[in-house]
Amino acid sequence: MPIGNVPPSVRPTRAGRTDGAAAGSATHRGGARSRRTRGLRSERLAPYVLVAPAVLIIVVMRLYPLLLGVNFSFTGDGERNGVAVGLDNYLQLFRDPLFRTALGNVGLLVLLLPVAVAIPGLLATFIYLRVPGHRVYRGVYFFPAVLSPVIVGAIFNLLLAFDGPLNAVLGSVGIGPVDWLGDPDVAMFMVVGVHVWATFGMALVVFLAGFATLDTALLDAARVDGAALPQVLWHVIIPGLSRTIQFVFVTTMIGMLTSMFGLLYVMTSGGPEGSTYLPEYYIWIQQGQLNRPALASAASTVLFVIMIVVGLLQIKLLRRTGRED
């Protein structure tokens, strides 16, 4: 039957169906829009959810004990245990010649830091450029990093002894023996040198990872232009690895300030004449031998502040150098 002959009572029913379909379509679009909104919200929240466990661990295991230690540094030791003493512990620290020597050695570490970073950087460059034997060097250079500091210290105690192999070699060429670990002017340099030898393998691995992100087209262009190795290093490799260099600088400095206890204990025990004291060794003496935990907490707080300040200054200096280049 033609539509025009359809009874009027039937037409509203068809119109109602059309309105229902339109309403269903609108509902479907609204549901899809809400699902997209929930999806976008989940994507935004996902990074925070993934990072939350690590942040919680850092807060509970690092920041909270740090705040407790800072608070404890303002209390007394011995008869004044638990009594607030203000800045007395900090004043006592800076009156102590051993602690001042430890701070002076921190300055020496800062001065030697560029050498400690340049050594693994240059070796990583040679490995990346595939000098003959680079595969062997990769394993040999990393080997000391897996040795215990106690073992490394014992080995070098034998090598650097007054009657040891190194002085025997020097004597064979007419040079008198040197008291490598007994001379206050030499001992600290020896301990730092051994530490660099024992730990630069990790920095080497970081540099090699950084080389994987370097734009090889720049190296090829430098070779085509006839650039020498020093020019390639200064104008291509160093700018290209600026972030890696910043990371290695900071982590190497932190390692020097917090990971040399084993070597100091085995090689010199802080001697001779306290010349090889570092803040971490001073902290151990105050806490472990003299039972002065509040003073040790004050020294730990000072060490933490030193690491923060030195790290920020290094990053700022390296960034400025990178912009000037």
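The model is predicted: local features need pLDDT of at least 70 and side-chain atom pairs count only at pLDDT 80 or more, while totals for chains, interfaces and linings use all residues. Residues are numbered from 1 along each chain as its sequence is written, and side-chain values use heavy atoms, with hydrogens and water left out.

**The nonpolar core**

- The largest nonpolar core has 64 residues; such a core is a set of buried Ala, Val, Leu, Ile, Met, Phe, Trp, Tyr and Cys residues joined through side-chain atoms within 4.5 Å.
- Leu93, Leu109, Ile237, Met256 and Met260 touch the most other members of this core.
- Helix 7 supplies the largest share of the core, 12 residues; helices are DSSP runs (H or I, at least four residues) numbered from the N terminus.

**Ile237**

- Ile237 belongs to helix 9 (residues 229–240).
- With a relative accessible area of 3%, Ile237 is buried (buried means under 20% relative accessible area, with a 1.4 Å probe and protein chains only).
- Not counting residues up to four places away in sequence, Ile237 touches Thr125, Phe211, Leu214, Leu219 and Val232, where contact means heavy atoms within 4.5 Å.
- Leu214 lies 23 residues from Ile237 along the chain, and the C-alpha atoms of the two are separated by 7.7 Å.

**Helix 5**

- Val152, Gly153 and Phe156 are buried in helix 5 (residues 149–159).
- Seen down the axis of helix 5, its buried residues fall within an arc of 95°, so they line one face of the helix; the arc is that of the directions from the helix axis to the C-beta atoms.
- These buried residues pack against helix 7 (187–211) and helix 11 (261–267).

**The cavity**

- Rolling a probe the size of a water molecule over the atoms shows where empty space is left.
- A search of the whole structure finds 1 cavity of 30 Å³ or more; on a 1 Å grid over the protein atoms alone, a cavity is a set of points where a 1.4 Å probe fits but cannot get out.
- The volume of the largest cavity is about 40 Å³, a volume being the space filled by probe spheres set on the points, which are joined across faces, edges and corners.
- Its lining consists of Val250, Met253, Ile254, Leu257, Met307, Gly311 and Gln314; lining residues have an atom within 4 Å of a point.
- Helix 10 (242–258) and helix 13 (293–324) each supply at least two lining residues, and helix 10 gives the most, with 4 residues.
- The lining residues divide into 5 nonpolar, 2 polar and no charged; Ala, Val, Leu, Ile, Met, Phe, Trp, Tyr, Cys and Pro count as nonpolar, Asp, Glu, Lys and Arg as charged, and the others, Gly among them, as polar.

How values were computed: 1 Å grid on protein atoms, 1.4 Å probe; cavity = no way out; pocket = protein on both sides within 12 Å on 5 of 7 lines; lining within 4 Å. Buried < 20%, exposed > 50% of the residue type's maximum accessible area, 1.4 Å probe, protein only.
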